[in-house]
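Reader: Hi! Could you walk me through this one?
Author: Happy to, here it is.
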Amino acid sequence: TYASIGRACWPFGGYAMVLLVQCVELLGVCSLSLLLMGSSMQTLVMQWASMPLNVWTAIAALVVLPTVLLPRLTQLGWLSFVGVFTIIGVVITILANSVSKYHEWSFANFDTPSLNHFPIALGIIVFGYAAHGQFPAFHIRMEKPLRFGFALNVAFSLMAVLDLITAVLGYLAYGQETSDVLSQNMSTPWNNIINVLLLI
């Protein structure tokens, strides 16, 4: 594990320091996921129920709380499997929306890259690849650990291709008005589809 590597590098405190960093990172990912879920719930029902985002985020936390009580990681794996298909649905929805605006596409929409936007762009990209802290645990639990490198390369390559296609098509469709969260640019029906998929 990374914590073991920390102990090997710094025998006094390395193990605890790495575990602390991993816990803080996972807490951040969990918090962002709950905020995303709360935001999706708020957007879906805002015309019927007007509650602040923090209330929807608390409701989202209560909805996912039972997953904490699952006795084995394999059961959580099945939930992740469902999650993969919902994310594929989100990507397909975003791509379909962007392609449906093909008549508005223009390469003139592309702006010169700016260092002012770099921190936001980097944060969005890194968030998508934030699973690295759990790789040793996944590697240990694999039936065929020797295939870990191959699986990792395939997963990250697919993710990079999907990120690139989504970014280019989104920018072609919305140009300078492209939001950090592409679904915010979309009209209500498209946005509702994405919010429902994200809630799943």
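This is a predicted model: local features need pLDDT of at least 70, side-chain atom pairs count only at pLDDT 80 or more; totals for chains, interfaces and linings use all residues.
Reader: Great. At what angle do α2 and α3 cross?
Author: Roughly 115°, and the axes of α2 (residues 14–45) and α3 (residues 53–64) come within 8 Å. Axes are lines fitted to C-alpha atoms over the stretch in contact, with angles from 0 to 180 degrees between N-to-C directions. Helices are DSSP runs (H or I, at least four residues), numbered from the N terminus.
Reader: Which residues of α2 and α3 make the contact?
Author: Among them are L34, M37 and M41 of α2 and W56, I59 and V63 of α3; contact means heavy atoms within 4.5 Å. The contact residues divide into twelve nonpolar, four polar and no charged. Nonpolar here covers Ala, Val, Leu, Ile, Met, Phe, Trp, Tyr, Cys and Pro, charged covers Asp, Glu, Lys and Arg, and the others, Gly among them, are polar.
Reader: New topic: is L169 buried or exposed?
Author: L169 counts as buried because its relative accessibility is 15%; buried means under 20% relative accessible area, exposed over 50%, partly exposed in between (1.4 Å probe, protein chains only).
Reader: And what does L169 touch?
Author: Leaving out residues up to four places away in sequence, L169 touches L95, S98, V99 and W105. L169 is found in helix α7, and its C-alpha atom is separated by 7.0 Å from that of L95, 74 residues apart along the chain.

Methods: Residues are numbered from 1 along each chain as its sequence is written. Side-chain values use heavy atoms; hydrogens and water are left out. Helices (H or I, at least four residues) and strands (E, at least two) are DSSP runs, numbered from the N terminus.
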